[in-house]
Amino acid sequence: LYVEEHVKVKNKPRRRANGTEFWEREQLLQRHVVSNLGGMAISDVTRKDVMVMHRQIEKIAGTTSADRATEAMRAAFNWLDDTELVEGVPTIRLAKKARRAATTRHRVLSDDEIKAVWGNLDEDGLFATIVRLLLLTGQRRSEVAEMRWEELDFDKAVWKIPPERTKNQLPHVVLLAPLAIDLLKGRDQLSAYVFTTTSSSPFSGFSRSKERLDGRLKFKEGWTLHDLRRTFVTRLNELGIPPHVVEACVNHVSGTAKAGVAGVYNKAEYLSERKAAMERWAVVLGGIIAVQEGDNVVPLSAS
């Protein structure tokens, strides 16, 4: 109700590269607030619940996203209270923090860090496979975690992400390297979701799983799962993959080949080039995660 009767009436929409409109506040509520507190009655939400939500978002998506999502929730609650559509709406008050200038993250994992992450995942089940796929494919966390079996075609080695599941609302094809296919084929098909503990919803236990992983890693510098996407993009560029191919691999439309007027006319998907890039990175990654046993190099298990 808040989105339909207030946000879309009072706020101006933003426009995607393909011309469709979207409201940022609606995305923040769906992506962060509903995913964390969606099972609660509004009247039951406490300040502590909001603070926990903020910390969880901050770990995965950064402080700026956590602040913006919390502000969107507070605005929604205030609107519900003003319109008296819901009884017992709590007042969401957070301790004021000194506003920090928005900063751009630059964290790229080193070879040793990549090897450590991969090698410390063996006891993490679903989370382990998701993290390894994030490294292999460079896709977004939500796109991997919410993957459905119907999106996969193992014979053609492709994963087709529908537009409603991508950030820019454009369909995206991910070319899968053999190691990625092995990881996915190793999963049991228990429901429509590839990664699920309930059969009715996708995997969502990122905060606790990453905390356990961080406890084993003990990195001196903090890192987020999104840093794996940045690492993927950086490594492909370092391998000499043309920038427009790298951008296509991660469904970016901001590069010179796809941005602005160029994007209107350039509909090339660079599928063969993307396939070669994915397979080349998988080989390089395989060398990074390999362990030495005597004189032999033995890759870590892909399961």
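**Exercises: rings, charges and a helix**

The charged end of R148 sits over the ring of Y193, 4.4 Å from its centre. Such a charge counts if NZ of Lys or CZ of Arg is within 6 Å of the ring centre and within 35 degrees of the ring normal.

Before you start: this is a predicted model, where local features need pLDDT of at least 70, side-chain atom pairs count only at pLDDT 80 or more, and totals for chains, interfaces and linings use all residues. Residues are numbered from 1 along each chain as its sequence is written, and side-chain values use heavy atoms, leaving out hydrogens and water.

**Exercise 1.** Work out what kind of aromatic pair Y2 and W79 form.

*Step 1.* Recall the rule: rings of Phe, Tyr and Trp (its six-membered ring) pair if their centres lie within 6.5 Å; planes under 30 degrees apart are stacked, over 60 edge-to-face, and the rest tilted.
*Step 2.* The structure holds five aromatic pairs. In the pair of Y2 and W79, the centres are 5.9 Å apart and the planes stand at 55°, so this pair is tilted.

**Exercise 2.** Check the length of helix α10 (residues 226-238).

*Step 1.* Helices are DSSP runs (H or I, at least four residues), numbered from the N terminus.
*Step 2.* The expected span is 1.5 Å times one less than the number of residues.
*Step 3.* With 13 residues, α10 should span 18 Å; its end C-alpha atoms lie 19 Å apart, which agrees.

**Exercise 3.** Decide whether W223 is buried or exposed.

*Step 1.* Buried means under 20% relative accessible area, exposed over 50%, and partly exposed in between (1.4 Å probe, protein chains only).
*Step 2.* W223 has 6%, so W223 is buried.
*Step 3.* For contrast, F219 at 23% counts as partly exposed.

Definitions and conventions:
Helices (H or I, at least four residues) and strands (E, at least two) are DSSP runs, numbered from the N terminus.
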